[in-house]
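These are my notebook entries on a single structure. I set down what I looked up, in the order in which I looked.

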Amino acid sequence: MTKVWKKIKYEISLLGDFAKLILKLLYYILIFLILFKIILPFIKYHMPKNLGITSYESISSFIFIGFAILSYSIGKFFLKLFKTKK
């Protein structure tokens, strides 16, 4: 199994900076979507039913920002967790 990871690490090292940036962006977007799909039903359940559209929009923007910050921090935690020290 370590042989496979070495091959994958070698192939990623051959990529350019832009490709590495795109892969990192896709990594954070994937974490964001997973959090969004898991946590959003709980948030919808606890929201009051008689909200106006303006208050709903302001609450949803804070929820979106919260998801973005949470996904970034979870992504950084996973990178620290799986990064090996040499």
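**Entry 1**

I began with H1 and found it hardly covered: among its 13 residues, the count of buried ones is zero. I took buried as under 20% relative accessible area, exposed as over 50% and partly exposed as in between, with a 1.4 Å probe and protein chains only. Helices (H or I, at least four residues) and strands (E, at least two) are DSSP runs, numbered from the N terminus. I note that this is a predicted model, in which local features need pLDDT of at least 70 and side-chain atom pairs count only at pLDDT 80 or more, while totals for chains, interfaces and linings use all residues. Residues are numbered from 1 along each chain as its sequence is written, and side-chain values use heavy atoms, with hydrogens and water left out.

I then checked the length of H1, residues 2-14. Its 13 residues should span 18 Å at 1.5 Å a residue, and the end C-alpha atoms are 19 Å apart, which agrees. The expected span is 1.5 Å times one less than the number of residues.

In the loop between H1 and H2 I looked up Leu15. Leu15 is partly exposed, its relative accessible area being 34%. Leaving aside neighbours within four places in sequence, I found Leu15 in contact (heavy atoms within 4.5 Å) with Lys20 and Leu23. The C-alpha atoms of Leu15 and Tyr45, 30 residues apart along the chain, are separated by 44 Å.

**Entry 2: helix H2**

I located a kink of about 35 degrees at Ile39, shortly before the proline Pro41. The bend at a residue is the angle between axes fitted to the seven residues ending there and the seven starting there.

Which residues of H2 are buried? They are Tyr28, Ile31, Phe32, Leu35 and Leu40, and I found them packed against H3.

I also looked up Ile43 in H2, which is partly exposed with a relative accessible area of 23%. Not counting residues up to four places away in sequence, Ile43 touches Ile63 and Phe67. The C-alpha atoms of Ile43 and Ile63, 20 residues apart along the chain, are separated by 8.9 Å.

**Entry 3: aromatic pairs**

My search of the whole structure returned seven aromatic pairs. The ring centres of Phe32 and Phe36 are 6.0 Å apart and the planes are at 20 degrees, so I recorded the pair as stacked. Rings of Phe, Tyr and Trp (its six-membered ring) pair if their centres lie within 6.5 Å; planes under 30 degrees apart count as stacked, over 60 as edge-to-face and the rest as tilted. Phe32 and Phe36 are four residues apart in H2 (residues 17-46), and are therefore separated by about one helical turn.

Phe32 is buried at a relative accessible area of 16%, whereas Phe36 is partly exposed at 29%. The rings of Phe32 and Phe67 have centres 6.2 Å apart and planes at 90 degrees, so this pair is edge-to-face. I note that the pair links distant parts of the chain, with Phe32 in H2 and Phe67 in H3 (residues 53-82), 35 residues apart. Ring pairs join Phe32, Phe36, Phe64 and Phe67 into a cluster.

**Entry 4: the nonpolar core**

I listed the largest nonpolar core as five residues: Ile31, Phe32, Leu35, Leu40 and Phe67. H2 gives the most to this core, with four residues. Such a core is a set of buried Ala, Val, Leu, Ile, Met, Phe, Trp, Tyr and Cys residues joined through side-chain atoms within 4.5 Å. With neighbours within four places in sequence left aside, Leu40 is in contact with Leu35 and Phe67.

**Entry 5: helix H3 and Ser71**

H3 has 30 residues and reaches 43 Å from its first C-alpha to its last, close to the 44 Å expected at 1.5 Å a residue. Its buried residues are Phe67, Ser71 and Gly75, and what covers the buried residues of H3 includes H2.

Is Ser71 buried or exposed? At 4% relative accessibility, Ser71 counts as buried. Not counting residues up to four places away in sequence, Ser71 touches Tyr28, Ile31, Phe32 and Leu35. I also found a polar atom of the Ser71 side chain 2.9 Å from the backbone oxygen of Ala68.

Terms used:
A polar contact is a pair of N or O atoms within 3.5 Å; within protein, one must be able to donate a hydrogen and the other to accept it, and residues adjacent in sequence count only if both atoms are side-chain atoms.
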